[in-house]
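Have the structure open while you read.

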Amino acid sequence: HIEAADSDLAQACDLLGEQAGVLNPGGDRPVRDQQEAIRGLAATSGDLTTAEREFSLATTVPEEDPYVVARLVDVTDGLGEHLRARAILADALARFPNSEALHLAAARLASDDNTEDARIDAHYRAAIAAAPDSEAAVIAFAGYRSERGRRAEAEDILLAFVSSAVHRRP
């Protein structure tokens, strides 16, 4: 999945990503390089300070990646910098309104804030609309509904995705 000169590092990063989804939560895209692996490993190991620094550096490039910004939001929030995390997210959503990763981050933060269900649902639905072939947002949305004791709704979300995937097949 990653292209690196050091094949051992590439194999280790791919293995970690496949085994735990830690470098690539939800499987929405492959790990692309060594720096991305370092950011993921730092976040996973609990070294949020290093992870925050690495994700911040990654967002200063012109080709800024909404996925990296979403991870920065999660790490910044994990460091207890809740207002800063929300400011980063608001700015990123204004620039990338159709990002699955950013809407998933927004849903997680809104859920942590005990925001009303309608706003949380809207972020999950926006994430699903942004990447209709991706299962990450669907699974997260169904999980959220299930955690809230709404298992029938969670099942409906999953069944609708499976049904639409079958109809989209070539």
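Helix α4 (residues 66-78) packs against helix α5 (residues 82-95) at an angle of about 165°, and their axes are 8 Å apart. That makes α4 roughly antiparallel to α5 (over 145 degrees counts as roughly antiparallel, under 35 as roughly parallel, 65 to 115 as roughly perpendicular and the rest as oblique). This is a predicted model, where local features need pLDDT of at least 70, side-chain atom pairs count only at pLDDT 80 or more, and totals for chains, interfaces and linings use all residues. Residues are numbered from 1 along each chain as its sequence is written, and side-chain values use heavy atoms, with hydrogens and water left out.

**Ground rules for helices**
- Helices (H or I, at least four residues) and strands (E, at least two) are DSSP runs numbered from the N terminus.
- Axes are lines fitted to C-alpha atoms, for helices over the stretch in contact, with angles from 0 to 180 degrees between N-to-C directions.

**α4 with α5**
- The crossing of α4 and α5 is left-handed (the near helix is turned anticlockwise from the far one by less than a right angle; clockwise would be right-handed).
- On the α4 side, the contact (heavy atoms within 4.5 Å) uses Val69, Leu72, Val73, Thr76 and Asp77, while α5 brings His82, Arg84, Ala85, Arg86, Ile88, Leu89 and Ala92.
- By class, that contact of α4 with α5 has seven nonpolar, two polar and three charged residues (Ala, Val, Leu, Ile, Met, Phe, Trp, Tyr, Cys and Pro count as nonpolar, Asp, Glu, Lys and Arg as charged, and the others, Gly among them, as polar).

**α4 with α6**
- The axes of α4 and α6 come within 8 Å and cross at roughly 20°, which makes α4 roughly parallel to α6.
- α4 passes α6 in a left-handed crossing.
- Pro66, Tyr67, Val69, Ala70, Val73, Asp74 and Asp77 of α4 meet Ala101, Leu102, Ala105, Arg108, Leu109 and Asp112 of α6.
- Sorted by class, the contact of α4 with α6 has nine nonpolar, no polar and four charged residues.

**α7 with α8**
- α7 and helix α8 (residues 136-147) have axes that come within 8 Å and cross at roughly 160°, so the two are roughly antiparallel to each other.
- Their crossing is left-handed.

**Second largest pocket**
- About 170 Å³ of space lies in the second largest pocket.
- Its lining includes Arg86, Leu89, Asp113, Thr115 and His123.
- α5, α6 (100-112) and α7 (117-130) each supply at least two lining residues, and α5 gives the most, with four.
- By class, the lining has six nonpolar, two polar and three charged residues.
- A pocket here is an open set of points on a 1 Å grid over the protein atoms alone, where a 1.4 Å probe fits, with protein on both sides within 12 Å along at least five of seven lines; lining residues have an atom within 4 Å of a point.

Methods. Grid points are joined across faces, edges and corners, and a volume is the space filled by probe spheres set on the points.
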